Amino acid sequence: MVREVMDLLEPQAHKRYLDGTLGGGGHAEQILTLSSPDGLVLGLDWDEEAIAATRERLKRFEDRTIIRQANFTEAKEILKEIGWHKVDGILLDLGLSSHHLDSRERGFSFQWNSRLDMRMDRRQSVDANQVVNTYPVSELERILRDYGEEPRARRIALAIDSARRKKTIETTAELADLVARVGGRRGRIHPATKTFQALRIAVNRELDHLAGFLEDAHELLLSKGRMVVISFHSLEDRLVKKAFRKWSQSCICPPRTMFCRCGWSAKARLLTSRPVLPSLGETQINSRARSAKLRAAERL
Ligand SMILES: C[S@@+](CC[C@H](N)C(=O)[O-])C[C@H]1O[C@@H](n2cnc3c(N)ncnc32)[C@H](O)[C@@H]1O
């Protein structure tokens, strides 16, 4: 959704931008091009492979980029450290990059047999192996139901438990086979797709990080600064919608309160009353884009 992001972010010369999910650098490259000759980009990604590849890709913009391996929840401290404090635009393009999906060793896909890993930030200790082999059945069921919207959540959690009592589940193929053997209605997608998505969200604590960042991300924006978020999961989109709505309200007292006591004032205005969806053309080229939803807000 590069065009949609640029239409809303409106990159301009002399301005500063934070790309909190640098990934392959496609959006950052476009921001740098449109903000020529002196627009600046701080690019963060917690994946060292993404950082290394994108540093190379953005080499010609070297004097206008600062790239760090970091969680976007650390943005406030990093902005302070580099002396920017606030920016004119923030982009979050959440979830996995195509690099993750295509990687044969990182365990994000059951297309290739590899160790159960799924960590986007390999500095963290919890990986998919630990979640699958040590989490209680009730927690596995919750993860599969909430993050994967998996109707067979309970049965899959029980099947995992029964298998791991005999032997540790080590690989993506072992897990995918085990999930496929749990009966249920066959759909268009592979029977393990939802399980893999749910585990990835849990391993990387994706919703916690997003919720934490959204809490006060408006404070990182200069007046008229814009924030654009692309999400790929209904729970992510709900967090963004709720945060942007709160930012745009002039009072957040509980309903039916007679006199306002919250002291809150509107921080931003919504630029998208409904989420922007990818064009038909984009979903035909990139099937992953099908579930994308984009929302944007502007700091007052
Ligand atoms: C969909 S890709 C971004 C693609 C990018 N916009 C581009 O044009 O190539 C998402 C990226 O965000 C990173 N990511 C996800 N959550 C993150 C977080 N909490 N902190 C830092 N990076 C994160 C992932 O490692 C991945 O590289």
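Biologist: Where does Glu10 lie?

Modeller: Glu10 sits in the loop between helix H1 (2-9) and strand E1 (16-19). Helices (H or I, at least four residues) and strands (E, at least two) are DSSP runs, numbered from the N terminus. Mind you, this is a predicted model: local features need pLDDT of at least 70, side-chain atom pairs count only at pLDDT 80 or more, and totals for chains, interfaces and linings use all residues. Residues are numbered from 1 along each chain as its sequence is written.

Biologist: Why does Glu10 count as partly exposed?

Modeller: A residue is buried if 20 or more other C-beta atoms lie within 10 Å of its own, exposed if 12 or fewer, and partly exposed in between, with C-beta atoms placed from the backbone. Glu10 has 14 C-beta neighbours inside 10 Å, so it counts as partly exposed.

Biologist: And what is there to say about the phi of Glu10?

Modeller: Its phi is positive, about 45 degrees, although Glu10 is not a glycine. Most residues other than glycine have a negative phi, and most peptide bonds are trans. On the peptide side, the bond from Ser36 to Pro37 is cis, with omega near 5 degrees. Pro37 is in the loop between H2 and E2.

Biologist: What makes you say that E5 is mostly covered?

Modeller: Strand E5 (residues 221-231) has eleven residues, and eight of them are buried.

Biologist: How do you know which strands pair with E5?

Modeller: Two strands pair if DSSP finds at least two bridges between them. Strand E4 (residues 87-93) and E5 have six bridges, in the parallel sense. E5 and strand E7 (residues 293-299) also have six bridges, in the antiparallel sense. Met227 in E5 is the bridge partner of Ile90, and Met227 stands opposite Ala297 in E7.

Biologist: Which residues come nearest to the ligand?

Modeller: Thr21, Gly23, Gly24, Gly26 and Asp93, out of 19 residues around the ligand. A residue is near a molecule if its C-beta atom, placed from the backbone, lies within 6 Å of it. Helix H2 (26-34) and strand E2 (40-45) each supply at least two residues of that shell.

Biologist: Why does the radius of gyration agree with a compact globule?

Modeller: The radius of gyration is taken over C-alpha atoms, and the globule rule is 2.2 Å times the number of residues to the power 0.38. With 300 residues, that rule gives a radius near 19 Å, and the protein chain has 21 Å, which agrees.
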